[in-house]
Amino acid sequence: MNEEKETGKPKNILSEGLSSILEEDVTFYAPEESPVQKAEDYVCVYRGEALNDEELFQLSARENIRQVLIAGPYSSGKTTLIVMMYFLFLEGRNRVLKFGGSLTINGFKQRLQNLLLSSGEEKPIVERTPRTELNRYLHLNLEDHDGRKDNLILTDVSGELFCAEDMESLSDLYLACENVILILDGEKIAHPRQRQRERMTFTMMLRNLLKNGIITKNSKVQIVCTKKDLIDKGDDSKETYAFLEDSWNFIQSNYEALVDSLEFYTVSALTIEDEETQNDFETIILRCLEIDHCEVTVPHKKPKLQRFFDKYEVRE
Ligand SMILES: Nc1nc2c(ncn2[C@@H]2O[C@H](COP(=O)(O)OP(=O)(O)O)[C@@H](O)[C@H]2O)c(=O)[nH]1
Ligand SMILES: [Mg+2]
């Protein structure tokens, strides 16, 4: 008869050499199998930093999200705009929207820190967003006037990635964006010798975003000219506003038919104390949260009762 069956002990699985130096009646146990873990056993814990692609994917699998791509050249004011959207709620300057929290408080704080440190200075200092930044999604949970809660995801991508060569790789991640905020650098627009070039760069970027399918017929596009304070401070602000008006008319007549909607704003991150700035920021956010008409389900049309069997209408 088999020895294992006789003694009730598990079979000796050690090599002969090792067995010889061990005592005779040592019992060996097979390694314990780890218990099967169910999906509900996992609890998602966030670092508080801006989310990376994987964390955003996991969040989107559990909750509805409304993603906003913020596109603009390097140093045009993208990160500052994102920080100010959070600052609006932090300072309680929100009127219509209610703040329901954020999974990325540290991400906002880090970006905000430099802005606060430099308050009182002529120029706020915001750390440059590196090209390789993976933690690029900032989250705000918001409730609108109808009590509808939503997760707004503000995408902070390095401006360097919006050049024509990198646009293709961006389209892998941001194909057919529902919400796009395009940034026009007010500082450059205020400068008579830089404004034409800035407008050209901007239009090229818009064209490339359309060409690569990032902006589509279903995209809500909001154009934000930043650094209004620098425009107002300039000697020829009247001329600058006339140039902006002209640019806006040009963009509207050439691109309005290619997108779902186009809106235009001129804002300053330094004047968040002003009611007008607060209203502009809230309006931009509200527009991003608006439900697109495509999502509204059309009630099923009942068939006309012509025969008795028509009462068994088609069911979906
Ligand atoms: N005066 C002024 N400067 C601003 C404003 N917004 C941004 N900036 C400046 O523009 C620089 C670039 O901003 P940032 O948000 O980092 O641009 P990004 O590269 O597009 O993310 C910052 O260092 C700020 O000094 C604004 O409203 N007014
Ligand atoms: Mg940035």
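Predicted model: local features only at pLDDT ≥ 70, side-chain atom pairs only at ≥ 80, totals over all residues.
**Entry 1: conventions.** I noted that local features need pLDDT of at least 70 and side-chain atom pairs pLDDT 80 or more, while totals for chains, interfaces and linings use all residues. Residues are numbered from 1 along each chain as its sequence is written, chains are lettered from A and ligands numbered from 1 in written order, and side-chain values use heavy atoms, without hydrogens and water.

**Entry 2: the sheet.** I looked up the strands (DSSP runs of E, at least two residues, numbered from the N terminus). Seven of them form an open sheet of mixed pairing, ordered β2-β3-β4-β1-β5-β6-β7; to pair, two strands need at least two DSSP bridges. β2 (98–101) and β7 (261–266) each have a single partner strand, so one side of each lacks a neighbour in the sheet. β2 runs antiparallel to β3 (residues 137–143), joined by three bridges, and I found G101 opposite N141 in β3.

**Entry 3: the helices.** I then turned to the helices (DSSP runs of H or I, at least four residues). α8 (residues 195–211) and α10 (residues 237–255) pack at about 20°, with axes 12 Å apart; axes are lines fitted to C-alpha atoms, for helices over the stretch in contact, and angles between N-to-C directions run from 0 to 180 degrees. That makes the two helices roughly parallel, a label for angles under 35 degrees.

Key: Parallel < 35°, antiparallel > 145°, perpendicular 65-115°, else oblique.
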